[in-house]
Amino acid sequence: MSGYQPTAPSDLRADIRYREDGKYRMYGISLRWRIGENGPDQGAWPPPGDWNEGDAPYPHLYEVWLNDELKQTVFLYWPAWNWMQSNSHWVDLGDEEPGEQFSVKIRARVDGQYTPFTNTVTVGAESSVQWAAREPRQKGAQGSSREGQRHGTVNHPRSRAAVAIRDEDPSPICAEARRVNTSTVWQEVTPGAARMLADYPWNDAQKYLEYRKFFEDATVPSAGNAAFRGLDLAPDATLGEWPLTELDTSAATQSFSYDYTAYHTNETWSHRWFLTRADWVPGTGLTWQDLEPIPFLVEVQGSHREEESNQWEFASLPRRTGRAAIVHIWGGHGGPDTPDGENGGKTGEFFASTCDVMLR
C-alpha cells in the first residue's frame, strides 16, 4: 500500500429514498460513488482489492453540492468490516415529500486540496423508493465502544446544556432553567430510558437512527425529557436572551467542537448539525419544523480517531446573518438493553444539543 495516492470520487449514483420513522416518512438522497477500487456496485463479498482491512487510502472529508450550492460537509470514518460505508452517504431532506428536482455532485478533500467534482446526477421525488440497508455479508469484527458514560454536548458554539448546567451562567434565563430542571447532568440531554424502551430510536433491521419521532411541539432543546424542560424556555422580556455564540459566516471555514465525558463510537453512530430557518422567531420556542431539513454538517463516527474526535473544520455553514439556533444530534446503537435481546440487544440512543448563535 505504500506510495498509493487516493483518487478523486467518480461515478456518482443517486436516488431519492424514504424511511419510516414512527408516524413520519423521512426523505433523503442516497449517494454511492467510486473511490479507489471501491465502486458503487461493489458487492457484499469480497471486499475491494485495496481495502486493506479498512485501512484503505480513501478520503474522509467530502462536500455535497445540491443545485450548484454547497449544502453539507461530510466526515466519513468507517469500521474495518464495512467498505460500503466508505463510499456511500444519506443526505437528509426532511419529512415533507421533496417538491423539486436536485442536481447532485460531490468532491473530496485530499492532502489539503479539493478534488474535481464528480459527474452531476439529477434526482426527483417522483421516483423515490423505500430505503434498504446495504451491508457486507461477512462483517468480521464490528466496531467497538468504550465502557462507562457515553454522553456529551456541543462546546463551540456552546449548547444550552453547557452554558446553563455545566457553566452555571448567571443570566436570568439560565438561572430559571436550572430551577425548573430536575436533572443537573449537562451531558445527558436525551429522551430518557423509559421512552427509548417504549419506542426504540435505533432501527436495527434497516440500520438507521429514528430520532424525528421524539421531537414534538416546542421541545427540541430538552428532547422531550421533562428533566431538562428548562432548556425549552423561550427568550422574553423577563428572562432575557440565552447567551449567544457569535459566528462569522463570512469566514472561509468554521471550527465546531464537542465535549465528551467519554468517547463512544461504532459503525452506527453519527453527528448531525441543523440550522434554524431564516424566519425562525426565538420567542416562540423551538420546534423541529423550525429547522432547515438538510444538516449542514455530518460525521459518520464508525472508527476511533482519538486526537481529533471532538472537532470539525468545515465550510458549509450557510452565509447568513441574524439570530439563529443550531441543533445537534449525536447517536447510534447504544442505550438500554432491550428486554429480550431484540433490536441487536440495544434500544439505540441519541443526545441533543441546542446552541444559540448570532450569525455575522
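These are my notebook entries on a predicted model of one protein chain.

**Entry 1, ground rules.** I number residues from 1 along each chain as its sequence is written, and for side-chain values I use heavy atoms, with hydrogens and water left out.

Over residues 140-149 pLDDT stays under 50, and the model has 21 contacts (heavy atoms within 4.5 Å) for them beyond four places in sequence. Where pLDDT is low, the predicted coordinates should not be read in detail.

Helices here are DSSP runs of H or I with at least four residues, strands are runs of E with at least two, and both are numbered from the N terminus. In H2 (residues 172-180) I list Ile-173, Cys-174, Ala-177 and Val-180 as buried, meaning under 20% relative accessible area, with exposed over 50% and partly exposed in between (1.4 Å probe, protein chains only). They lie on the same side of H2, because they cover an arc (from the directions of the helix axis to the C-beta atoms) of only 135 degrees around the axis. These buried residues pack against helix H1 (160-166).

I placed Lys-71 in strand S4 (residues 69-77), and at 31% relative accessibility it counts as partly exposed. Its C-alpha atom is separated by 8.1 Å from that of Leu-317, 246 residues apart along the chain.

Conventions: This is a predicted model: local features need pLDDT of at least 70, side-chain atom pairs count only at pLDDT 80 or more; totals for chains, interfaces and linings use all residues. pLDDT is the predictor's confidence in each residue, from 0 to 100.
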